[in-house]
Amino acid sequence: MDSALQKELTCFICLNYLTDPITIGCGHSFCRPCLCLSWEEAETPAHCPLCRETSVQTEFKTNILVKNLVSLVRQDSLYQFLSSEEQMCQTHKETKKMFCEENKNLLCLLCSNTQEHEAHRHCTIKCAVEEYREKLLKQMRSLWEKMQENQRHLNKERQIAREWDFNMFMRTYLIRKEYRKLHPILLEEEKQHLQGLESEGEKIFQQLKESEAAMVQKRKHLREMYEELMNICHKPDVELLQDLGDILTRSESMQLHMPQPVNPALSARPITGLIDRFNQCQVEISFNYEISSQNIMMFDDVRSWWLRHDLQEMPFPSGRSNYSTAWGSQAFTSGKHYWEIDVNDSWDWAVGVCNKDSWIRKNCSVIESEDIFLLLCVKEDNHYHLFTTSPMLSLYMEKPLGRVGVFVDFDNDNVSFVDVAKSSLIESCLIPFNYPLRPFFYTGHT
């Protein structure tokens with residue numbers, strides 16, 4: 001074969017014929033598995049391993065032309081190998097063209113029809129190579145997706161574990177502060193509340209560390225399996241067939257049991273007299289419902305911020321046309337106001353207050369806006385996550401069912417959110433108010 005053509009069909013990283021070839025922006029081609037592993041270990045932004053040109057794009061389709069050329073070259077090499085005298089059937093003096101899947105032997109056509117092999121499944125060596133190389137590549141693509149999923153979960157688990165002590169400190173401070181506003185007779189309840197909170201927090205932190213360790217171990221095993229599949233894929237055709245063993249079964253088995261993230265959520269613990277205190281400031285709220293492109297897509301950036309990966313990868317609930325936004329018909333500029341909203345049949349929801357005119361005029365996202373103070377509930381897979389805005393913060397609390405209470409205190413620059421059914425404080429934020437605020441409600445119904 002022409003040496004220049006052989007060079008063009010050789011991967012610069014592994015120095016083997018290109019396997020599942022992809023061509024990046026600079027024009028150089030590599031094996032997809034080789035480039036994936038190379039870029040996974042490298043610092044961003046990604047560079048071409050050959051010319052070092054920066055690659056903005058990191059997702060590529062298989063280069064079918066190059067793949068077909070490599071296949072032709074492999075077929076020629078296979079033909080030359082099988083035509084050699086060493087590979088002739090010593091019994092029938094014929095070229096071995098058949099592959100026995102039962103014992104992974106190469107056979108001539110006459111041998112494949114003997115009593116020893118007639119009950120076995122056979123196919124031509126050429127077809128067997130193509131079939132098993134594609135099966136290996138399919139397993140590698142699936143394995144790579146699992147590796148990326150595991151790494152995303154690991155990154156999130158580590159982030160939560162790093163923030164857990166601070167989260168528990170703030171939660172304890174919030175509960176102590178709330179009890180100070182209530183009757184001193186609740187001192188024993190406060191003590192039990194805080195002891196239960198501390199115990200649960202320690203248990204969750206231990207779960208996070210165990211989950212992190214399991215994901216680190218899984219990452220190691222997944223990568224080892226991926227490299228084993230890649231090494232077999234790079235082998236010459238006959239070696240590939242004879243060295244397959246049970247690797248496909250082992251790869252499938254490894255992907256069945258993936259460690260799942262903890263998704264920590266502290267229990268909603270009741271505070272005696274909490275709802276009674278807020279009810280003293282209860283007001284009737286009438287809402288004007290609206291739909292706009294800005295509000296229908298409101299949670300896209302929240303999911304992106306939380307999951308830290310592309311929106312295209314994220315599953316969204318079906319029936320997104322059922323999203324709607326409601327603004328309170330009246331605006332508040334002073335005093336204390338409390339109202340409740342039923343969120344029980346919503347998959348995503350947000351309740352709170354905002355400066356409607358300012359937010360729409362600036363066209364800010366929920367994450368960027370400084371004029372909107374919300375409690376958000378976002379569904380991701382089969383789990384729900386709570387957040388507050390201005391700034392965006394994760395709340396590791398269980399999802400409230402039924403009604404959520406909103407308490408706005410202009411005198412103390414404070415917004416509080418409560419789980420009404422459990423008489424539990426979800427969050428209380430100190431926020432400077434210097435403009436009129438309207439009640440806000442956003443929901444996606446199932």
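The lining of the second largest pocket divides into 16 nonpolar, 8 polar and 6 charged residues. Here Ala, Val, Leu, Ile, Met, Phe, Trp, Tyr, Cys and Pro count as nonpolar, Asp, Glu, Lys and Arg as charged, and the others, Gly among them, as polar. This is a predicted model: local features need pLDDT of at least 70, side-chain atom pairs count only at pLDDT 80 or more, and totals for chains, interfaces and linings use all residues. Residues are numbered from 1 along each chain as its sequence is written, and side-chain values use heavy atoms, with hydrogens and water left out.

**Stop 1: the second largest pocket**

Stay with this pocket. It holds about 670 Å³ of space. Select Phe166, Met170, Leu393, Leu395 and Glu427: of the 30 lining residues, these are the closest to its centre. Now colour α5 (125-180), β12 (393-395) and β15 (424-430), the elements that give two or more residues to the lining. The largest share, 10 residues, comes from α5. Helices (H or I, at least four residues) and strands (E, at least two) are DSSP runs, numbered from the N terminus.

A pocket, on a 1 Å grid over the protein atoms alone, is an open set of points with protein on both sides within 12 Å along at least five of seven lines; a cavity is a set where a 1.4 Å probe fits but cannot get out; lining residues have an atom within 4 Å of a point. Points are joined across faces, edges and corners, and a volume is the space filled by probe spheres set on them.

**Stop 2: the cavity**

The structure holds 1 cavity of 30 Å³ or more. Select Arg171, His193, Leu197, Leu266, Ser267, Arg269 and Met397, which line it. By class, that lining has 3 nonpolar, 2 polar and 2 charged residues.

**Stop 3: the cores**

Which residues touch the most other members of the largest nonpolar core? Select Val351 and Leu375, out of 53 residues in that core. A nonpolar core is a set of buried Ala, Val, Leu, Ile, Met, Phe, Trp, Tyr and Cys residues joined through side-chain atoms within 4.5 Å. Buried means under 20% relative accessible area, exposed over 50%, partly exposed in between (1.4 Å probe, protein chains only). Helix α5 gives the most to this core, with 7 residues.

Centre on Val351. Beyond four places in sequence, its contacts (heavy atoms within 4.5 Å) include Ile341, Val343, Phe373, Leu375, Val404 and Phe440. Then move to a second, separate core of 49 residues; Cys36, Ala128, Leu241 and Ile247 are among them.

**Stop 4: Ser251**

Go to helix α8 (residues 247-256) and pick Ser251. Ser251 counts as buried because its relative accessibility is 0%. Show Gln139, Leu143, Met225 and Leu229: Ser251 touches them, not counting residues up to four places away in sequence.

**Stop 5: Ile275**

Next, helix α9 (residues 274-279), where Ile275 is found. Is Ile275 buried or exposed? Its relative accessible area is 12%, so Ile275 is buried. Leaving out residues up to four places away in sequence, Ile275 touches Tyr338, Glu340, Val418, Val420 and Ser423. Draw a C-alpha to C-alpha distance to Leu425: Ile275 and Leu425 are 9.3 Å apart in space but 150 residues apart in sequence.

**Zoom out**

Show the whole chain: 12 helices and 16 strands. Buried residues make up 47% of its 446 residues. Among contacts between residues at least 6 apart in sequence, 69% join residues at least 24 apart.
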